[in-house]
Amino acid sequence: MNKKQFSASAYVRKAVHEYRDAPAHRGGETQKLSVLAVEPGSVAERIGLKPGDEIHGLNGKPLLDVIDFQFNVANVGRRTTIETQDRKITFVRREWESFGLEFQAIEPMTCKNQCVFCFVHQNPKNVRRSLHIKDEDYRLSFLFGNYLTLTNVDEAEMQRIIDQRLSPLYVSVHATEPELRRTLLGIDEYDGFMGKVERLAGAGIQMHGQVVLCPGLNDGVHLERTIEDMVRYRPSVVSMAIVPVGLTSHRNNLPLLRPFTAEYARELIAHVSPIQKRLKRELGTPFAFLGDEIYIMAGAKIPPARHYADFPQMENGVGMVRTFLTQFSAALRKKPKGNARGTVCTGKVFYPYLKECVDKLGMDLKVAAVESEFWGPGIGVAGLLTGSDFVSALKGKVYGDFVVLPSECMVGDESLFLDDLTLRDVERELGVPVIASGYDARDFVEKIGALRGHL
């Protein structure tokens, strides 16, 4: 079973905010899987499963979680028996049938590391409990692309990853030198990281790596070593993202870390670019990609689309700007006619690019760069802006008839921000309609076009 097959299930389409509010544990025990919904026309409906049912086992064996269930019901044409809380159901799955169950969210396994740059340790006071959960969960890495260090993954979990082909995984590398990695992760002993990578690579498990770069710690020759160590495991290690450390205003009693600066970002680009060019010649891919924020901070041009190969780490902020600009250029060919008058918001990082695009629409739109009061001025990405940030920036200052907010800072059907405000809460505070932007430039242009004359 590969990720594409599993991602087609209703479970994977569930909003991430449901997992974020689940209780935390390390995992390993068997589970009773609670059914939330049944897809019409599916196997589950045919055999009589209903919301509220609990699945206790499959073919006489208990289950670890929903992945275990999906893996074991993947067999087509074989008799399978499901044990629920009050009955046993035996069936044969047909080749074309979707199983069609939606389950309660997986309880995240938690991280024991004390990383010097851990974002969870930098939370403001009085945030909701789920924001204090440090997940270190290979299942969420497989399902949602969450990064894990592999430090807390035990032998049974390693074997399960291999046996059930939980690939790709998204791995927090940070450094490959044992002592430096131990320091960065705040662990007592080296975790055998490279041995785990070698084992997974040897089993054909694909991995995407990440380095949270801390100036003066894991950069320079250490970064070169990390890139060279990881590239040895291509093609199993597909790519590596290098992203800037995020520092909030809530780092009391935490290790002193140097922030990224424009000068440092320029030096980093100059250092990494020759490595990327060499790897491109040798492998056909730069392999190690710099996060968009680094180019923006440096005032450098965003690389062209061909630089990013197949955009393997876009959800990690690598190539998102280039993707938006490319999509916007395509959407502009069908530029909506007429006028709309309103305010479009983003974070300070993406502001210059969004403003340039919005100006090309030829409408009466003001682009606002919103500062993060919730986290502090060191955080400039739109995805971490909160409802209270938008209210503070815009209340009494809205230009025009509506406000457009970035979809990436909201989750779920209620459009929930990280501070527990909803889109509707912000709308009530601002006194004008508030619309989510959509997740790509095409959605954005269509939504702006739909606002003409309707407000």
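Helices, which are DSSP runs of H or I with at least four residues, and strands, which are runs of E with at least two, are numbered here from the N terminus. By this scheme, N252 falls in the loop between β10 and α10. The structure is a predicted model, with a mean pLDDT of 88 for the protein and a score of at least 70 for 93% of the residues. This briefing covers confidence, nonpolar cores, helix packing, backbone geometry and selected residues.

**Confidence**

- Helix α1 (residues 3–7) has the lowest mean pLDDT among the elements of the protein, at 30, whereas α9 has the highest, at 98.
- Where pLDDT is low, predicted coordinates should not be read in detail.

**Nonpolar cores**

- The largest nonpolar core comprises 113 residues, and the residues with the most contacts inside it are I55, F69, F99, F444 and I448.
- Helix α10 (residues 262–283) gives the most to this core, contributing seven residues.
- Another core, of 18 residues, lies apart from the largest one and has V370, F390, V403 and L405 among its members.
- Neighbours within four places in sequence aside, I55 is in contact with Q31, K32, L33, V35, L49, L63, F69, I82, E83, T84, L101 and F103.

**Helix packing**

- Helix α12 (residues 320–331) and helix α13 (residues 351–360) have axes that come within 11 Å and cross at roughly 5 degrees.
- Angles under 35 degrees count as roughly parallel, and α12 and α13 are therefore roughly parallel to each other.
- On the α12 side the residues in contact are V321, F324, L325 and F328, and they meet Y353, L354, C357, V358 and K360 of α13.
- The contact of α12 with α13 has eight nonpolar residues, no polar residues and one charged residue.
- In α9 (221–231), the buried residues are L223, T226, I227, D229, M230 and V231.
- The elements covering the buried residues of α9 include α8 (193–202), β9 (207–213), β10, α10 and β11 (288–290).

**Backbone geometry**

- Most residues other than glycine have a negative phi, and most peptide bonds are trans.
- S167 and P168 are joined by a cis peptide bond with omega of about 5 degrees; P168 is placed in the loop between α6 (155–163) and β8 (169–172).
- R234 and P235 are likewise joined by a cis peptide bond, with omega of about 10 degrees; the loop that holds P235 runs between α9 and β10 (237–244).
- L150, a residue other than glycine, has a positive phi near 75 degrees.
- The position of L150 is in the loop between β7 (147–148) and α6, and L150 counts as buried because its relative accessibility is 0%.
- H174 also has a positive phi, near 65 degrees, and is a residue other than glycine.
- The loop between β8 and α7 (178–185) contains H174, which counts as buried because its relative accessibility is 3%.

- N252 and G376 are 124 residues apart in sequence, with a C-alpha to C-alpha distance of 13 Å.
- L257 is also found in the loop between β10 and α10, but with a relative accessible area of 11% L257 is buried, since buried means under 20%.
- L257 touches V116, F117, L217, V245, L247 and R251, residues up to four places away in sequence not being counted.
- One of these partners, L217, is 40 residues from L257 in sequence and 8.8 Å away in space, C-alpha to C-alpha.

**Selected residues: G387**

- G387 is part of helix α14 (residues 387–394) and is buried, with a relative accessible area of 0%.
- G387 touches F417, D419, L421 and V426 when residues up to four places away in sequence are not counted.
- G387 and G202 are 185 residues apart along the chain, and their C-alpha atoms are separated by 46 Å.

Technical notes: Residues numbered from 1 in each chain as written. Predicted model: local features only at pLDDT ≥ 70, side-chain atom pairs only at ≥ 80, totals over all residues. Heavy atoms only, no water. Axes fitted to C-alpha atoms, helices over the stretch in contact; angles between N-to-C directions. Parallel < 35°, antiparallel > 145°, perpendicular 65-115°, else oblique. Contact = heavy atoms within 4.5 Å. Nonpolar A, V, L, I, M, F, W, Y, C, P; charged D, E, K, R; others polar. Buried < 20%, exposed > 50% of the residue type's maximum accessible area, 1.4 Å probe, protein only. Core = buried A, V, L, I, M, F, W, Y, C linked by side-chain atoms within 4.5 Å. pLDDT = per-residue confidence, 0-100.
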